[in-house]
Amino acid sequence: MQATIANLKKGDKAVIAHFDVDAIPLKLLEMGCLPGNQVELLQIAPFGDPLFLDINGSFLAIRIETARKIEVDIISK
């Protein structure tokens, strides 16, 4: 099973591997959420949703349901 952004722990870094373009909001794509880009999980909200990420220098908050759709290759924990 491929890891997703939702599987990351605070401080983990990963590279976006794959996702279904139709399942991801266009705004995320415009802000750099693209295959090959590095992502770091910076913070998790108190109830686990949303997740605060650094994607190639862009800071984003995404819903956990969206994070489950973005597959990643973890590079550091």
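The model is predicted, so local features need pLDDT of at least 70 and side-chain atom pairs count only at pLDDT 80 or more, while totals for chains, interfaces and linings use all residues. Residues are numbered from 1 along each chain as its sequence is written, and side-chain values use heavy atoms, with hydrogens and water left out.

Gln43 belongs to strand S2, which covers residues 38-44. Helices (H or I, at least four residues) and strands (E, at least two) are DSSP runs, numbered from the N terminus. Once neighbours within four places in sequence are set aside, Gln43 is in contact with Lys10, Leu51 and Phe52, contact meaning heavy atoms within 4.5 Å. Gln43 is partly exposed, because its relative accessible area is 39%; buried means under 20%, exposed over 50%, and partly exposed in between (1.4 Å probe, protein chains only).

## The chain as a whole

The chain has 2 helices and 5 strands, and from the N terminus on these elements run β-α-β-β-β-α-β. Its radius of gyration is 11 Å, close to the 11 Å that the globule rule gives for 77 residues, so the chain is as compact as a globular protein of that length. That radius is taken over C-alpha atoms, and the globule rule is 2.2 Å times the number of residues to the power 0.38.

Along the principal axes, the C-alpha atoms fill a box of roughly 30 × 25 × 25 Å. Of the 77 residues, 34% count as buried. Among contacts between residues at least 6 apart in sequence, 57% join residues at least 24 apart.

## The sheet

The 5 strands form an open sheet in the order S4-S3-S2-S1-S5, with antiparallel pairing. Strands S4 (58-62) and S5 (70-76) stand at the edges with a single partner strand each, so one side of each is left without a neighbour in the sheet. On average, neighbouring strands of this sheet are turned by 40° against each other, direction ignored; axes are lines fitted to C-alpha atoms, for helices over the stretch in contact, and angles run from 0 to 180 degrees between N-to-C directions. Two strands pair if DSSP finds at least two bridges between them. Strands of a sheet pair through backbone hydrogen bonds, either parallel or antiparallel.

Now for the individual pairs. S1 (residues 13-19) and S2 run antiparallel and are joined by 3 bridges; Lys13 stands opposite Glu40 in S2, and Ala14 stands opposite Val39. S1 is also joined to S5 by 6 bridges, again antiparallel, with Ile16 opposite Val72 in S5. Between S2 and S3 (residues 51-55), 5 bridges join the antiparallel strands, and Ile44 has Leu51 as its bridge partner in S3. The hairpin of S2 and S3 has 6 residues between the strands, and there Gly48 takes a positive phi near 90°.

## The salt bridge

How many salt bridges does a search of the whole structure find? The search finds 1, between Arg63 and Asp49, whose closest N and O atoms are 3.1 Å apart. A salt bridge is a side-chain nitrogen of Lys or Arg within 4 Å of a carboxyl oxygen of Asp or Glu. The pair links distant parts of the chain, 14 residues apart: Arg63 lies in the loop between S4 and H2, and Asp49 in the loop between S2 and S3.

Arg63 counts as partly exposed because its relative accessible area is 47%, and Asp49 counts as partly exposed at 26% relative accessibility. Arg63 also gives a reference point for Gln43: the two are 20 residues apart in sequence and 12 Å apart in space, C-alpha to C-alpha.

Is Thr66 buried or exposed? Thr66 counts as buried, because its relative accessibility is 11%. This residue is found in helix H2 (residues 64-67). Leaving aside neighbours within four places in sequence, Thr66 is in contact with Ile24, Pro25 and Leu28.
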